[in-house]
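Q: Could we go through this structure together, taking one kind of feature at a time?
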Amino acid sequence: MSLGIGVVYQFAPMLARRAHAGAIEDFFKKANGESPQTFTFAQFSDPHVGFQGPPDPLGTKAFEHAVDLINRAPQRPDFVLFTGDLTHDAESRDVHTQRMQLFKTIAERIHTPAIHTVPGENDAALDGGVLYREHFGDSHYSFDHKGVHFVALDNVSRAHPEVGADQLAWMKADIARFPATTPIVVFTHRPLFDLKPEWEWFTADGDDVMNALSPYENVTILYGHIHRQNFALRGNVKHYAARSLIFAFNDPATNAEKKQMPFDQGQPFNGLGIRLLADNATDPAVTLEVTDVELTTQEFGGVSGIQQLTKPNEALKGSSANDAD
Amino acid sequence: MTPTSKIATIAIVLAAAACTAAAPTYADAAPQVVKITAAKFHFEPDHITLHKGQPVTLQLTSTDATHGFMIRVLKIDTEIKPGKVTEMTVTPATPGSFIAICDHYCGLGHGMMKLKIQVEQ
């Protein structure tokens, strides 16, 4: 089983070494008084709170383990991004509400000043995002942080896997005020390119989004949905997928059918890891440097530890373990 | 764009893409009709066989919620709404295996909805 606990990014714009750096620095100082600085943030994805039972008994334990881990990190992240499927879908509004509340209870344990979320289809596709917005606010928005512009995109709330014309127009207007050299991070749930359309790993109007971003020279896309680590370079845009916090899907390059990786009772966190990204201080041409760190389950050592880990979570009694994607 | 015109556009695009490779044997044949029913969380049938160059009319219906019918590589992407027949005529141009999926989220199990289309020479 390959469970990821999320992704930690260190962002050091190093603008002083880049062309047009002065223009960007001036822009952010005028816009919000912030000058570009090195900072770190984390990405968590697809905890599917509410999903528990065969074939995966972990429930929220990987999510909670990830929270504990990030809280022990030597450097507190400036914020944490959640790229969708915060909850597992539920037909009942009451059950889904409970899952959103449980998600917030766990997420709020993270020692960080801010949490930013986007919905996944499990959170928002059945009701058009009504319940999600009641709990988390707008499903698309943007903010600036220390010289980087962040854009949250919702590509799930329309049921069809798309951003839609209205949101695309909003994004175009939002980024139009920035110089082309501004570092931009877009975070969303589904991949914005055709990663594996027959597994629904795509966004129908993803090309329109990428065309709108094409004038910008420093764009990074962070997403979830595929429950596995992935990197793709499309033009000069880097697309990073985060691992899930509930279970992994198999490799689309070697499998015709999408399947959950089988749960390994002996190694419930097998393959679990974090990815560190840092600005490359020696090569200004490289925006982010990526380091993957594999985690262990040593905190749950021995038979009794593993049994404790895989014991059903009382808070999730009655939850379903149907297909999740 | 109305649903009717959208479907017509799909048919035209596919016909245009297929015309150079269409087999003469089927050029004047009336379209074969294939009925496909969508329901949570499967298509019935879940496997159909078509023939290269032979026009086929797909009649798509839903017994419960709105579903999608999408084959990205063929630029087919439409919705199937309960109570109405969504119809499209296509002419397969290339032998091979294609997967149609529901791309209108319909609940837990949505990811299981797929239909295999085998196009034979």
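This is a predicted model: local features need pLDDT of at least 70, side-chain atom pairs count only at pLDDT 80 or more; totals for chains, interfaces and linings use all residues.

Q: What area do chain B and chain A bury between them?
A: Buried area is the accessible area (1.4 Å probe) that two parts lose on being put together, summed over both; for chain B and chain A the value is about 1,700 Å², with 54% of it on carbon and sulfur atoms. On the side of chain B, R72(B), Y105(B) and L108(B) supply 46% of the area buried against chain A, more than any other three residues.

Q: How many salt bridges are there between chain B and chain A?
A: A salt bridge is a side-chain nitrogen of Lys or Arg within 4 Å of a carboxyl oxygen of Asp or Glu, and the count between these chains is two. In one of them the side chain of R72(B) meets that of D194(A), at 2.9 Å from N to O.

Q: Which residues touch the most other members of the largest nonpolar core?
A: A nonpolar core is a set of buried (under 20% relative accessible area, 1.4 Å probe, protein chains only) Ala, Val, Leu, Ile, Met, Phe, Trp, Tyr and Cys residues joined through side-chain atoms within 4.5 Å. The largest has 32 residues, and those touching the most other members are M171(A), I184(A), V186(A), V209(A), L213(A) and I221(A). Leaving aside residues up to four places away in sequence, M171(A) touches V151(A), L153(A), V209(A), A212(A) and L213(A).

Q: Where should I look for backbone geometry worth checking?
A: Most residues other than glycine have a negative phi, and most peptide bonds are trans. In chain B, cis peptide bonds with omega of about 0° join K40(B) to F41(B) and E44(B) to P45(B).

Q: Is H227(A) buried or exposed?
A: H227(A), whose phi is near 55°, a positive value in a residue other than glycine, counts as buried at 1% relative accessibility. K75(B) is not a glycine either and has a positive phi of about 60°, but K75(B) counts as exposed (over 50%), at 66% relative accessibility.

Notes:
Residues are numbered from 1 along each chain as its sequence is written. Chains are lettered from A and ligands numbered from 1 in the order in which they are written. Side-chain values use heavy atoms; hydrogens and water are left out. Contact means heavy atoms within 4.5 Å.
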